[in-house]
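Please read the following report alongside the sequence and the coordinates. It covers strand pairing, helix faces and model confidence.

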Amino acid sequence: MTPAPQHLLSVSRSVSQASPLLVSPTRQRIVFCDFDGTITQQDTFIDVANRLVPDVWGPLQEQMYAFDITLHEAVSRMVAAIESRHYPDIVAGAKTYPLREGFGEFVSFLQDQTIPLVVVSGGLQDVVASALEQYRPGIEAIHAAQIDDSGSHLRIHCEFESETEIVAKARVMDCYVPDGGQAHTHLDAVLIGDSLTDLELALQVPLVFARDRLAQYLRERDRAYIPWETFADVQAYLSQRWAVESTEQGEFKSVEISS
Ligand SMILES: [Mg+2]
């Protein structure tokens with residue numbers, strides 16, 4: 001099993017320091033958020049593929065979205081078709097993609113309540129980190145794929161790789177569960193996403209904000225989700241939901257005290 005990353009310590013610390021009225025007595029609140037097509041308006045990873053290796057990526061993505069080949073195979077073959085000399089330009093282009101409305105305010109909203117925001121991306125770590133540099137203090141961790149550009153063509157890998165995915169987001173969540181526990185009993189997890197890379201994790205968390213292909217996949221599986229378009233939508237929903245939960249928790253406490 002992959003050893004727990006260093007940031008786990010800070011997750012536990014930040015949650016335990018939050019106001020008791022804002023944290024479930026039994027489950028830690030945590031928000032997992034996709035990057036491409038979620039934080040960014042456009043999918044930067046697919047944009048790179050379409051620009052640099054369209055002939056390779058075109059057929060691969062059709063097969064991938066139809067579940068004929070795995071995400072792992074599609075992404076590995078696409079990345080392996082890109083010459084390493086392009087990598088500096090790919091990373092440099094990260095800051096040119098517009099972010100979705102309300103993201104900065106949403107980061108501050110979570111920071112104010114000391115609820116960890118974890119970015120989980122099937123894209124490239126260098127690209128995600130570069131694009132989110134100004135928000136980095138408000139982000140607990142970024143988990144994405146690593147690139148090896150030492151050869152003639154790029155190679156992709158990740159510590160959270162599974163048989164079917166380069167970045168298995170459900171495996172990332174496991175790192176935030178206390179030792180020996182299970183996600184559903186220890187985490188009050190929220191996922192915000194838009195596509196296929198979010199699906200496995202979406203099937204495991206209690207509250208999912210979904211748009212685009214992710215919403216379609218969840219409808220096909222009869223799974224509940226909250227539709228969204230901007231981070232203001234997400235913030236408004238969570239703000240109301242958590243306020244209600246806090247009130248209920250407060251009422252419960254007052255009953256305890258008076259009895
Ligand atoms: Mg996405």
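Alanine 210 stands opposite proline 227 in S7. This is a predicted model, in which local features need pLDDT of at least 70 and side-chain atom pairs count only at pLDDT 80 or more, while totals for chains, interfaces and linings use all residues. Residues are numbered from 1 along each chain as its sequence is written. Helices (H or I, at least four residues) and strands (E, at least two) are DSSP runs, numbered from the N terminus. Two strands pair if DSSP finds at least two bridges between them.

S6 and S7 are parallel and pair over two bridges. Between S6 and S7 the chain passes through H11, and this β-α-β crossover is right-handed; the term applies if, with the strands pointing away from the viewer, the path from the first strand over the helix to the second runs clockwise. S6 also runs parallel to S5, with four bridges joining them. Leucine 191 has valine 208 in S6 as its bridge partner.

Strand S2 (residues 117-124) has eight of its eight residues buried, so it is largely enclosed by the rest of the structure. A residue is buried if 20 or more other C-beta atoms lie within 10 Å of its own, exposed if 12 or fewer, and partly exposed in between, with C-beta atoms placed from the backbone. Strand S1 (residues 28-33) pairs with S2 in the parallel sense over three bridges, and valine 31 has leucine 117 in S2 as its bridge partner. S2 is also parallel to strand S3 (residues 141-148), over four bridges; here valine 118 has alanine 141 in S3 as its bridge partner. The chain goes from S2 to S3 by way of helix H7 (residues 125-131), in a right-handed β-α-β crossover.

| Helix | Buried residues | Exposed residues on the face turned away |
|---|---|---|
| H6 (residues 103-112) | Phe103, Phe106, Val107, Phe109, Leu110 | Glu105, Ser108, Asp112 |
| H11 (residues 212-220) | Leu214, Ala215, Tyr217 | Arg219, Glu220 |

The buried residues of H11 fall within an arc of 165° seen down its axis, so they line one face of the helix. The arc is that of the directions from the helix axis to the C-beta atoms. For H6 the buried residues fall within an arc of 160° in the view down its axis, so they too line one face of the helix. The cover over the buried residues of H11 includes strand S5 (187-193), helix H10 (199-202), strand S6 (207-210) and strand S7 (226-227). After H11 comes aspartate 222, with a positive phi near 60°. After H6 comes threonine 114, with a positive phi near 50°.

The secondary structure of the chain comes to twelve helices and seven strands, and buried residues make up 37% of its 259 residues. Two residues are in contact if their C-beta atoms, placed from the backbone, lie within 7 Å. Of the contacts in the chain with a separation of 6 or more, 60% are between residues 24 or more positions apart.

The mean pLDDT of the chain (the predictor's confidence in each residue, from 0 to 100) is 87, and 86% of its residues reach 70 or more. Residues 1-24 have pLDDT below 50, and this stretch has 31 contacts in the model beyond near neighbours in sequence. Residues 252-259 also have pLDDT below 50, with zero contacts in the model beyond near neighbours in sequence.
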